[in-house]
Amino acid sequence: MDEFSFINSIKQQTYKQSSVVKGIGDDAAVFRNTSQDIVTAVDTFVEEVHFSRATMDPFHIGYRSLAANISDLAAMGATPAFYLVSIVIPKHWADEELTKLYKGMDNLATIHNMDLIGGDTVSGKELSISITVIGFVSKGNARYRSSAKPGDILFVTGTLGDSQAGFHILNNPGRFKEKEYYYNKHRMPEPRVAFALELGSLSRVALNDISDGIANEANEISEASKVSITIYEDKLPTSTSYKQFPVKLQREWKLFGGEDFELVGTVAKAEWEAMKLVAERTNTPLKEVGYVDFSKSDEHKVFGVNQKNKKKLLEKKGYTHLE
Ligand SMILES: Nc1ncnc2c1ncn2[C@@H]1O[C@H](COP(=O)(O)OP(=O)(O)OP(=O)(O)O)[C@@H](O)[C@H]1O
Ligand SMILES: Cc1ncc(C[n+]2csc(CCOP(=O)(O)O)c2C)c(N)n1
Ligand SMILES: [Mg+2]
Ligand SMILES: [Mg+2]
Ligand SMILES: [Mg+2]
């Protein structure tokens with residue numbers, strides 16, 4: 001398949017979003033501005049850095065790459081609408097594999113009513129995918145990392161560490177409980193869009209999505225909001241069968257593992273009950289895991305309280321590029 005028939009093969013016949021004026025097929029896409037704020041983000045995924053063919057099928061690579069980007073829209077409280085895909089394709093990739101990669105994206109896009117409105121196709125040494133997502137949020141209502149205030153409750157959705165557990169099992173075949181569950185959490189994470197959108201009814205929430213591990217993401221909230229945060233390590237939600245993994249790895253994955261694409265954030269105590277109702281309505285596991293400190297110090301740090309009730313600085317450690 002040449003570049004042009006490839007683009008034709010991935011082009012949607014119709015668009016779900018009524019604001020599309022021009023989709024795929026010209027120099028750029030056009031959508032008509034709404035009365036809302038436009039939210040956009042891009043994340044890139046590179047073979048052997050973000051995924052390996054040994055542990056992910058092309059479908060999963062597509063699915064997870066879009067999921068990670070939608071997760072950033074969720075973390076801004078935005079409704080997903082569009083995505084653009086820039087892809088570098090190695091020569092050895094077969095047409096069917098590419099089709100499956102796009103099927104993976106289309107599968108998740110359909111769930112979130114998103115349209116593929118553009119991108120770029122080039123050949124190169126290893127597979128690399130950059131996805132730009134665009135979403136909408138009512139004027140002035142985007143959720144920022146900078147909104148945390150002293151006394152807030154620190155919360156997290158879902159369970160942590162499952163993605164790295166899945167990655168571990170995929171790389172170390174052996175006897176593990178609930179393998180399929182962990183594979184799925186690694187390959188097909190579910191961004192918390194419904195929960196994030198319903199939080200629109202709350203007056204103030206700081207939000208961040210967990211791509212690099214909660215320690216890193218909490219640090220980002222702490223720095224952006226100029227507050228210190230304390231996390232009770234024992235309160236961090238994990239799956240029931242997570243206990244099967246070595247204790248050291250359990251701690252490593254849940255705090256620093258990343259790729260769970262859950263949401264972490266802070267909310268005022270007064271709105272905690274309202275948030276719990278949102279979690280119930282959207283079927284989202286939600287847990288209080290710490291608090292924003294009242295300290296007046298100029299230092300904005302994240303602390304972890306361990307099993308022995310010792311409070312220690314939590315390293316800003318996670319999956320960090322360019323170390
Ligand atoms: N190369 C770059 N050029 C311009 N802006 C960048 C670049 N890399 C990151 N940014 C910006 O820095 C901010 C933080 O980006 P970052 O990638 O850390 O967030 P994230 O997508 O939530 O995390 P992750 O990439 O781990 O999913 C964003 O505003 C992003 O647009
Ligand atoms: C083959 C392979 N090696 C390592 C990992 C782990 N990994 C890669 S990137 C990342 C954090 C998010 O990155 P970013 O900050 O770019 O969003 C993590 C935890 C993986 N999934 N596959
Ligand atoms: Mg990013
Ligand atoms: Mg993010
Ligand atoms: Mg991201």
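Hi everyone, let me start with the record: an unreviewed UniProt entry places the feature "domain: PurM-like C-terminal" at residues 149-293. Keep in mind as I go that what we have here is a predicted model. In this model, the span 149-293 is 40% helix and 18% strand, and its end C-alpha atoms lie 9 Å apart.

Let's look at the sheets, beginning with the one of four strands. That sheet is open, with mixed pairing, and its order is β3-β6-β4-β5. At its edges you find β3, residues 37-46, and β5, each of them pairing on one side only. On average, neighbouring strands here are turned by 15 degrees against each other, if you ignore direction. If you want a pair to look at on screen, take β3 with β6, residues 128-137: these two run antiparallel and share 10 bridges. Within that pairing, Phe-45 stands opposite Ile-129 in β6.

Now for the helices on this sheet. Helix α3 lies across β4, β5 and β6, and its angle to β4 is about 170 degrees. Helix α2 lies across β3, β4 and β6, at about 35 degrees to β6. And α2, which covers residues 58-75, also lies across β8 and β10, running at about 170 degrees to β8. So please hold on to β8 for a moment.

While we are in this region, here is a residue I like: Met-114. Where does Met-114 lie? You will find Met-114 in the loop between α3, residues 95-111, and β5, residues 115-123. And is Met-114 buried or exposed? Met-114 is buried, because its relative accessible area is 0%. Leaving out neighbours within four places in sequence, Met-114 has contacts that include Gln-12, Lys-16, Ile-70, Leu-73, Phe-82, Tyr-83 and Val-133. Thr-79 is 35 residues away from Met-114 in sequence, and the two C-alpha atoms are 9.4 Å apart.

Back to β8, and on to the other sheet. This one has seven strands in the order β8-β10-β7-β11-β9-β12-β13, open again and with mixed pairing.

Next come the aromatics. How many aromatic pairs are there? The count comes to 13. One of them is Phe-176 with Phe-245, a tilted pair at 5.9 Å centre to centre with 35 degrees between the planes. These two come from distant parts of the chain, 69 residues apart: Phe-176 is in the loop between α4 and α5, and Phe-245 is in the loop between β9 and α8. Phe-176 is partly exposed, with 24% relative accessible area, whereas Phe-245 is buried at 2%.

Another tilted pair is Tyr-232 with Tyr-291, at 6.1 Å between centres and 50 degrees between planes. This pair links strand β9, which holds Tyr-232, to strand β11, which holds Tyr-291, across 59 residues. Tyr-232 counts as partly exposed at 28%, and so does Tyr-291 at 29%.

There is also an aromatic cluster, made up of Phe-176, Tyr-181, Tyr-182, Tyr-242, Phe-245 and Trp-253. Two lysines deserve a mention alongside the rings. The charged end of Lys-317 sits over the ring of Phe-256, 4.3 Å from the ring centre, and that of Lys-311 sits over Phe-303 at 5.2 Å.

Finally, two asparagines. Asn-283 has a positive phi of about 60 degrees, although it is not a glycine. Asn-283 lies in the loop between α9 and β11, and it is exposed at 69% relative accessibility. Asn-309 also has a positive phi, near 65 degrees. Asn-309 is in the loop between β12 and β13, and is exposed at 63%.

Key
Residues numbered from 1 in each chain as written. Chains lettered and ligands numbered in written order. Predicted model: local features only at pLDDT ≥ 70, side-chain atom pairs only at ≥ 80, totals over all residues. Heavy atoms only, no water. Pairing = 2+ DSSP bridges. Contact = heavy atoms within 4.5 Å. Axes fitted to C-alpha atoms, helices over the stretch in contact; angles between N-to-C directions. Phe/Tyr/Trp six-rings, centres within 6.5 Å; stacked < 30°, edge-to-face > 60°. Buried < 20%, exposed > 50% of the residue type's maximum accessible area, 1.4 Å probe, protein only. Lys NZ or Arg CZ within 6 Å of the ring centre and 35° of its normal. UniProt positions renumbered as here; feature names shortened; annotations may be inferred.
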